[in-house]
Every structure is written in structure tokens, then in C-alpha cells.
Amino acid sequence: MATLLDLGLLKGFGDIFAWLLVFVIIYGALQVTNLLKNKGLHALLAFAITAVVVITGGGANLVTAMVPWVVVMAALVLFLLMLGQFVGLTPKQIVGNFGGQGATWYLIIPLFVILLVAWTQGPSEAATTVDETTGEVVTVEQPQRPFITILTNPQVLGLILILSIAAVTMTLMTGGRGAVGGH
């Protein structure tokens, strides 16, 4: 049956999307820092780094594993910025409430954790056994790293979210460095 929204074909373009994503991020970072003072050199260096990252073993798989987590983190940051502006704060005030220059650590540390989790996630190992009653060869998927399975459990992630919200709330309520309208 044909469906209107069949996303199965997009899996074939996963490597191309990973290539474009890495290229755009590296090129954007080079443009913002203006490291080489030339757009052409920025594009060439971004292309070279992208080729090394994606063509070497597992680079595209690593990027593909990281993208959903990074999108969720970016959506959270965007939501916080929109919420702050809804209250009447400027983006500089919002960043200042999260520690000023130290606010970048709120992004770097989760990105590093996402990188570690994506890096340690591997394909599941398939163990083949013979069913004694029928004599068939049965393939059983076994997770390669049970620690990652525990960390990605929805109940554990919910607990981490609740504890994070509680920590930020306590910091703001006790007049910590990030208190909005502190006395």
C-alpha cells in the first residue's frame, strides 16, 4: 500500500545528510571565528575535515547517532530563549542568568556526553542458536553494551530530567548566581 508520508527512502540518503550536516557545522564555525580570513579557504578546510570524518570508519554512523540528541538539545535551548523573551528578557540577559560566559559549558558538557554515548553505542551482536524442538537456526539480538541500555531507559531519563529541573529550581530560589530578580 502506498502511503503519503513514506520515510523509508530517506535511510538511503543518511550518509549524504551526515556529510552535509558536518560540512555546514564546520563551515559555519570557521565563518564565525573567521580563522583563515577567506571564505574559499573556509570551504576547502570544511570539505577536507568533513571528508576525513565521514569517509573514515564509522564517522557517518556516529553523526547519525548524535543528530536526534543534538536536535532535542537545540530545541530545549530555543525553547528557553523563547520563554525568556516572552517574559521580557533580552538574549544577553537570558545567557547572563545562566552564568554569563560559563553558559557555554551548559552546551559543551551535554554535547560531550552525547558524543560519548553515541560513540559507545555499537551495533547489537546477533547470537545464532539452534532451536532444539524444530531444528531451525534462530538469530537472537543481544545489546552490546547494557550500560547504554540502562541510561537510555525512559524511566532513567525522566529521573534525570526531574532532578535537573529540581537543581535549577533550587539554585534560582536560593538566590544563586542565576537568580532572576534576586534580592
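The angle between two helices is taken between their N-to-C directions and runs from 0 to 180 degrees, and the axes are lines fitted to C-alpha atoms. In this predicted model, α3 and α5 pack at an angle of about 155 degrees, with 9 Å between their axes. Angles over 145 degrees count as roughly antiparallel, and α3 and α5 are therefore roughly antiparallel to each other. The points below describe this pair, two further helix pairs and a pocket.

**Helices α3 and α5**

- The crossing in which α3 passes α5 is right-handed.
- On the α3 side, the contact is made by L62, A65, M66, W69, V70, M73 and V77.
- On the α5 side, the residues that make this contact are L107, P110, L111, I114, L115, A118 and W119.
- By class, the contact of α3 with α5 has 14 nonpolar residues, no polar residues and no charged residues.

**Helices α1 and α2**

- Helix α2 covers residues 39–55, and α1 packs with α2 at an angle of about 140 degrees, with the axes 8 Å apart.
- That angle makes α1 oblique to α2.
- The crossing of α1 and α2 is right-handed.
- From α1, the residues A18, W19, V22, F23, I26, Y27, L30 and Q31 take part in the contact.
- They meet K39, H42, A43, L45, A46, F47, I49, T50, A51, V54 and I55 in α2.
- By class, the contact of α1 with α2 comprises 15 nonpolar, three polar and one charged residues.

**Helices α1 and α3**

- The packing angle of α1 and α3 is about 80 degrees, and their axes lie 9 Å apart.
- Angles of 65 to 115 degrees count as roughly perpendicular, and α1 and α3 are therefore roughly perpendicular to each other.
- In this contact, D15, A18, L21 and V22 in α1 meet A60, V63, T64 and V67 in α3.
- The residues of the contact of α1 with α3 divide into six nonpolar, one polar and one charged.

**The second largest pocket**

- The volume of the second largest pocket is about 470 Å³.
- The second largest pocket is lined by 14 residues, of which L21, V22, I25, V63 and M66 are the closest to its centre.
- Two or more lining residues come from each of α1 (14–33), α3 (59–87) and α5 (105–120).
- The helix that gives the most to this lining is α3, with seven residues.
- By class, the lining of the second largest pocket has 14 nonpolar, no polar and no charged residues.

Key: Residues are numbered from 1 along each chain as its sequence is written. This is a predicted model: local features need pLDDT of at least 70, side-chain atom pairs count only at pLDDT 80 or more; totals for chains, interfaces and linings use all residues. Side-chain values use heavy atoms; hydrogens and water are left out. On a 1 Å grid over the protein atoms alone, a cavity is a set of points where a 1.4 Å probe fits but cannot get out, and a pocket is an open set with protein on both sides within 12 Å along at least five of seven lines; lining residues have an atom within 4 Å of a point. Grid points are joined across faces, edges and corners, and a volume is the space filled by probe spheres set on the points. Helices (H or I, at least four residues) and strands (E, at least two) are DSSP runs, numbered from the N terminus. Ala, Val, Leu, Ile, Met, Phe, Trp, Tyr, Cys and Pro count as nonpolar, Asp, Glu, Lys and Arg as charged, and the others, Gly among them, as polar. Angles under 35 degrees count as roughly parallel, over 145 as roughly antiparallel, 65 to 115 as roughly perpendicular and the rest as oblique. A crossing is left-handed if the near helix is turned anticlockwise from the far one by less than a right angle, and right-handed if clockwise. Contact means heavy atoms within 4.5 Å.
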